Amino acid sequence: MSAGQFGRRSFIKAAAMLSAGAYVLAFSDGSTAADNKTTLTLNYLRIAPDGIVTVISPVAEIGQGTSTALPMVVADALDADWQLVRFELAPVAPQFNSPILKTQLTGASTGVSGFHDLYRDAGATARAMLIAAAARQWKVPVDECGTDTGKVVHAKSGRSLAYGELASRAAVEPVPGTISKASRKGTNLVRTPVRRLDIPAKVNGTAQFAIDVRLPDMLYATVVASPVFGGTLVRDARAEVLKHKGIRGVCDLPDGVAIVADRWWTARRARDTLAAEWDAGKHVQVDDKSISAQFWRDLDGSDGVLVKAVGAPAQAIAAAKEKVSARYEVPFLAHATMEPMSCVARVRDATCDVWVGSQRPDKAREVAASLLGLPPQAVTIHPVPGGGGFGRRQEADFVAQAVLVAKRFPGRPVKLVWTREEDTQHDYYRPAGVSEMSAGLNGKEVVALRHKQATPTILPRTFPDFMGEFDSVVTDNIFSLYGFPHQDGRWVRSETPVPTGMWRSVGASQTVFAIESFVDELAARTGTDPYQFRRRLLTSDPRALAVLDRLAAISGWGKPLPGKRAIGLAISHKHLDCLVGQSAEVSVVDGQVVVHRICTVADPGKVINPDTARAQMEGAAIWGLSAALFGKISISEGRVQQSNFHDYRVVRLSESPAFTTEIIESGAPFEGMGEGGAPGIAPAVCNAIFRLTGKRIRTLPIADQLATSKGTT
């Protein structure tokens with residue numbers, strides 16, 4: 001095998017064989033191709049004659065672990081043998097629409113909370129059908145039968161039948177119309193730290209992301225798009241490109257140019273010689289300064305739209321003895337998924353096949369069908385895991401490009417892979433924006449809080465039917481959870497040429513930064529301990545108070561710290577996500593912030609897999625910390641300045657803090673855990689910096705804002 005043939009996948013597989021053979025073997029996929037005549041098949045699961053229970057996951061697996069959590073819910077209600085449980089990603093079908101989002105969409109932390117009841121009932125339904133089949137076979141009353149970890153048992157006679165043995169008989173049993181609570185066995189699998197079903201394949205290299213799909217006779221493509229938003233192609237050197245060995249074509253796309261070759265690297269190298277020239281269009285003068293100035297101008301020039309209010313905050317502040325205000329600003333942010341945008345498409349015989357890790361596969365199918373003039377049913381989406389999502393894979397721009405290129409080469413599959421540079425510079429970015437916080441004080445009492453925010457929108461482009469007077473995504477958490485007697489949140493729409501989209505925690509990553517920073521400022525203004533200050537404002541919210549108190553306990557609030565360190569706090573409750581309190585233990589060394597420890601207390605109401613829940617919280621914290629310390633997409637002359645991880649920094653392993661994470665199950669209505677761990681990190685770090693240095697960070701990222709503070713602080 002040559003060096004060129006020994007690719008990334010081969011290396012991972014070989015390494016796994018050498019170092020983790022026993023582990024891989026223990027999790028090898030023993031699923032078989034069972035036919036429907038001998039398989040018990042319900043909407044969300046199959047039980048095959050060999051006893052394998054396959055749970056069909058409607059949620060895109062983008063690293064968050066839902067392809068284990070939902071099978072756990074099914075297995076718990078089914079009383080299945082977990083060693084025989086597998087998962088598959090769901091095709092596009094109406095039964096896989098999110099009950100909350102009303103479309104086949106992975107987002108807003110609704111993957112488990114949205115489908116929990118449906119999957120629990122599917123497991124219980126299958127269990128009831130298996131019991132009925134066994135009772136019929138044994139000619140005994142149904143209520144004399146029970147289950148025991150993957151088999152139906154009849155205690156009186158001591159007989160038992162494995163689920164696989166009953167699958168074909170159960171398949172012809174009537175589906176129960178209703179499922180009683182008593183019919184859900186419950187194996188106590190839920191709430192245990194179960195190993196994830198998707199991890200072994202990712203470790204041993206057999207997992208197939210879109211970037212890994214290989215099909216016979218496949219072509220490879222990459223794209224070049226205008227560096228300036230809205231620019232159009234004037235000329236290029238495609239005639240020279242087409243002379244290169246292995247180049248199969250240069251395709252014009254509505255938003256760029258695709259180079260197609262026998263190998264992806266051939267296409268990638270040809271990209272450098274394309275020498276595309278673009279008409280920069282009307283946005284070439286746009287830069288960070290003009291965008292920021294526009295935001296502040298729009299914020300100052302409008303009262304905005306009221307999102308939520310209690311009392312009469314304007315009047316209360318006007319009547320207060322002291323008035324306090326502060327302004328905060330955050331930049332555009334990219335997703336930087338580990339797998340850049342990738343998609344395989346094949347168009348043949350009035351049909352289309354698409355292999356993609358999509359958070360919105362029904363939209364991907366709709367886009368492909370529309371471009372080809374086909375009915376949606378003629379397009380088959382083959383779901384594969386996505387190498388990170390964070391909202392980016394809700395978009396179908398790269399799917400559309402792959403389909404259009406494949407249309408030019410009928411019958412041949414085309415794998416389109418963006419370069420990291422294209423991915424960074426042609427994202428749908430987390431909106432930049434500004435916030436003005438203001439409050440009225442009478443002595444140490446805060447009588448009112450106001451929050452006015454100016455940002456671009458997301459919903460009018462992505463989900464226009466959900467756009468009302470205000471964009472509920474970008475204004476998420478604009479209204480604080482504190483019990484101020486007078487409070488409001490107002491929003492000003494301020495559009496820019498920079499394309500915007502969903503991002504992990506989206507609007508809450510902006511609004512919580514402003515609120516939790518300002519609350520800390522109010523605590524300092526009144527000479528009150530930040531923890532006690534928050535506590536007094538949460539006395540009417542026992543759930544939030546419990547989270548805050550537990551956070552103070554595990555973070556060591558008020559106790560001596562090693563060296564010159566300080567702790568900052570933040571608490572938030574993102575829409576559809578869980579209640580989260582976080583602390584950051586920080587020092588400053590030679591003007592650079594070092595985050596030593598992050599403590600998180602989260603209350604999602606109920607937990608399925610505590611190990612995954614903690615991983616979600618800690619992953620979100622790293623995500624939030626990367627954004628707080630380094631995250632910024634800069635615009636100059638209408639184009640993005642960053643291009644790769646060297647100038648779009650994320651927290652490195654050596655920079656990662658220690659974590660202490662606790663999950664509280666309060667019994668509150670079931671909530672998600674995918675995003676809530678991100679918004680509080682930036683204010684917690686900035687609040688710690690203030691306690692340590694006396695400097696308030698009101699503009700993100702923190703980056704080198706302390707660079708003049710030389711020496712250890």
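**Figure 1. Packing of helices H15 and H19 in the predicted model.** Helix H15 spans residues 508–525, and its axis lies 8 Å from that of H19 at an angle of about 30°. Angles under 35 degrees count as roughly parallel, and H15 and H19 are therefore roughly parallel to each other. The crossing of this pair, H15 and H19, is right-handed. From H15, the residues in contact are Val512, Phe513, Glu516, Ser517, Asp520 and Ala524; their partners in H19 are Ala682, Pro683, Cys686, Asn687 and Phe690. Sorted by class, the contact of H15 with H19 has 7 nonpolar, 2 polar and 2 charged residues.

**Figure 2. Crossing of helices H18 and H19.** Helix H18 is formed by residues 610–629 and helix H19 by residues 681–693. The two axes come within 8 Å and cross at roughly 60°. H18 and H19 are therefore oblique to each other. On the H18 side the contact involves Ala621, Gly624, Leu625 and Ala628, which meet Ile681, Ala682 and Val685 of H19. This contact of H18 with H19 has 6 nonpolar residues, 1 polar residue and no charged residues. Ala682 of H19 meets H18, and Ala682 is also listed among the H19 residues that meet H15.

**Figure 3. Crossing of helices H3 and H4.** Helix H3 covers residues 66–78 and helix H4 covers residues 111–138. Their axes come within 7 Å and cross at roughly 35°, and H3 passes H4 in a right-handed crossing. The H3 residues in this contact are Thr66, Ala69, Leu70, Val73, Val74, Ala77 and Leu78. In H4 they meet a set of residues including Gly111, Phe115, Tyr119, Gly123, Ala126 and Leu130. His116, Arg120 and Arg127 of H4 also belong to the contact with H3. By class, the contact of H3 with H4 has 12 nonpolar, 4 polar and 2 charged residues.

**Figure 4. Backbone geometry at serine 109 and proline 701.** Most residues other than glycine have a negative phi, and most peptide bonds are trans. Serine 109 is not a glycine, yet has a positive phi of about 60°. Serine 109 is placed in the loop between strand S4 (85–89) and H4. The peptide bond from leucine 700 to proline 701 is cis, with omega near 5°. Proline 701 is found in the segment after H19.

Figure 5. The glutamate 165 side chain reaches the backbone nitrogen of alanine 162 at 2.8 Å. Between glutamate 165 and glutamine 642 there are 58 Å in space, C-alpha to C-alpha, and the two are 477 residues apart in sequence.

**Figure 6. The annotated region at residues 204–282.** An unreviewed UniProt entry annotates residues 204–282 as "domain: Aldehyde oxidase/xanthine dehydrogenase a/b hammerhead". Over residues 204–282 the chain of the predicted model is 19% helix and 33% strand. The end C-alpha atoms of this stretch are 49 Å apart.

Terms used
Residues numbered from 1 in each chain as written. Predicted model: local features only at pLDDT ≥ 70, side-chain atom pairs only at ≥ 80, totals over all residues. Heavy atoms only, no water. UniProt positions renumbered as here; feature names shortened; annotations may be inferred. Helix = DSSP H or I, 4+ residues; strand = E, 2+ residues; numbered from the N terminus. Polar contact = N/O pair within 3.5 Å; in protein donor to acceptor, adjacent residues only side chain to side chain. Axes fitted to C-alpha atoms, helices over the stretch in contact; angles between N-to-C directions. Parallel < 35°, antiparallel > 145°, perpendicular 65-115°, else oblique. Contact = heavy atoms within 4.5 Å. Nonpolar A, V, L, I, M, F, W, Y, C, P; charged D, E, K, R; others polar. Left-handed = near helix turned anticlockwise from the far one by under 90°.
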